[in-house]
Amino acid sequence: MKFKASQIAEILEGTIEGNPDAEVSELAKIEEGKEGSLTFLSNPKYTSYIYSTKASITIVNDSFEADEPINTTLIKVKDAYKAFSTLLEYYNQVKLRKSGIEKPSYISDSAEYGEDIYLGAFTYLGDNVKIGNNVKIYPYAYVGDNTVIGDNSTLFAGVKVYSETVIGENVTLHGGCIIGADGFGFSPNEKGEYSKVPQIGNVIIEDNVDIGAGTTIDRATLGSTIIRKGVKLDNHIQIAHNVEIGEHTVIAAQTGVAGSTKIGKNCIIGGQVGIVGHITIGDRAKIQAQSGIGRNVKDDEVLQGSPAIGYSDFNKSFIHFKNLPKTVDLLHQLDKKVNKNG
């Protein structure tokens, strides 16, 4: 896709200094700009690059005044960083603006779908599936029986959505997500053998949720595993059966949450955190990366370590951890003195 400076200026409500017909087809850092690319300048420490960049168009703040000749066409805006972010969002929308039903794909006779949908090749829609308007489902995705998907949601390539799942509006599931697989439920007998406990619940994902590539969310044993509105999950996260994650909580990659745990609103959870089952984590809790959580967490607690302790306590303790060899040597020396004098 190619855009002229005049088109970009119109989108950003900016003014042009240079060639309004300059065309770009890609984005670049200002120090890596080349002909046909668009870049921006907002941080003053990168100002020197505007005189050497080969980018065809550069977005700058209204206040920018060149001290030397420049070759790039300028688009002046109130806030260059914000304008460039707006343009990235616009570009992404244009790039992902797909519609139609590619073949081969399978759509059950009982499935229903709204207007302006996109179904990529080799997608599967099961019985009684209901899909809203402007939904994009990329190739090799599977949508199981009785699943509901709300307006403006996107399922990228290879997503697998098991039966009875409910997905809200403006939800994004990135490649390889598995939603609604069986929870890890097995019952041992007297011989130590394990029998499967049927998992007959479902998964509910509310509006405006983003779920990263390779993340898995298990269906409930009974009832629902629930991801509340505005939650953002990174790649390769495991959410077990009957977990509930509160509104606008964010969780980084490789975290695992065991069954029936309830996580509150607006929590921030770092990468590789392990959370045991059947506990409650309060609202606005912050858990540092690689922490192990084995107890209930109160509202607003900040934790680190495994098992996790208060964040400030962990930092104070870490000083002693580092000095432990010296402390042991000192104790040995004192012990020798005491025994010698004794």
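Two strands pair, in the sense I use here, if DSSP finds at least two bridges between them. I note at the outset that what I am reading is a predicted model.

**Entry 1: strands 5, 6 and 7**

With that definition in hand, I looked up strand 5 (residues 37–41) and found that strand 5 pairs with strand 6 in the parallel sense, over four bridges. Within this pairing, Phe40 stands opposite Ile59 of strand 6. I then turned to the pairing of strand 6 with strand 7 (residues 73–77), which is also described as parallel and runs over five bridges. Here I picked out Thr58, whose bridge partner in strand 7 is Leu74. Is strand 6 (residues 57–61) enclosed or open? Four of its five residues are buried, so I record strand 6 as largely enclosed by the rest of the structure.

I next traced an open sheet of ten strands, which has the order 9-12-15-18-21-26-29-32-35-38 and parallel pairing. Its edge strands are strand 9 (106–107) and strand 38 (292–293), each of which pairs on one side only. Looking at the end of that order, I found strand 35 (residues 274–275) and strand 38 running parallel and joined by two bridges, with Ile275 placed opposite Ile293 of strand 38.

I also traced an open sheet of nine strands, again with parallel pairing, in the order 10-13-16-19-24-27-30-33-36. The edges of this sheet are strand 10 (112–113) and strand 36 (280–281), and each of them pairs on one side only. Inside the order, strand 13 (residues 130–131) pairs with strand 16 (residues 148–149) in the parallel sense over two bridges, and Lys130 is found opposite Val148 of strand 16.

**Entry 2: nonpolar cores**

I wanted to know which residues have the most contacts inside the largest nonpolar core. They are Ile137, Leu173 and Ile205, in a core of 47 residues.

**Entry 3: the cavity**

A search of the whole structure gave me one cavity of 30 Å³ or more, and the largest cavity holds about 130 Å³ of space. The residues lining it include Met1, Phe3, Ile8, Ile11, Leu38, Leu87, Tyr90 and Tyr91. Helix 1 (5–12), strand 4 (26–27) and helix 2 are the elements that give two or more residues to this lining, and helix 2 gives the most, with three. By class, I recorded ten nonpolar residues, one polar and one charged in the lining of the largest cavity.

**Entry 4: the pocket**

Last, I looked up the largest pocket, which has a volume of about 380 Å³. Of the 14 residues that line it, Gln93, Leu96, Asn134, Asn152 and Thr154 lie nearest its centre. Which element gives the most to this lining? Helix 2 (residues 80–95) does, with three residues. Sorted by class, the lining of the largest pocket has seven polar, four nonpolar and three charged residues.

Definitions and conventions
Residues numbered from 1 in each chain as written. Predicted model: local features only at pLDDT ≥ 70, side-chain atom pairs only at ≥ 80, totals over all residues. Heavy atoms only, no water. 1 Å grid on protein atoms, 1.4 Å probe; cavity = no way out; pocket = protein on both sides within 12 Å on 5 of 7 lines; lining within 4 Å. Points joined across faces, edges and corners; volume = space filled by probe spheres on them. Nonpolar A, V, L, I, M, F, W, Y, C, P; charged D, E, K, R; others polar. Core = buried A, V, L, I, M, F, W, Y, C linked by side-chain atoms within 4.5 Å. Buried < 20%, exposed > 50% of the residue type's maximum accessible area, 1.4 Å probe, protein only.
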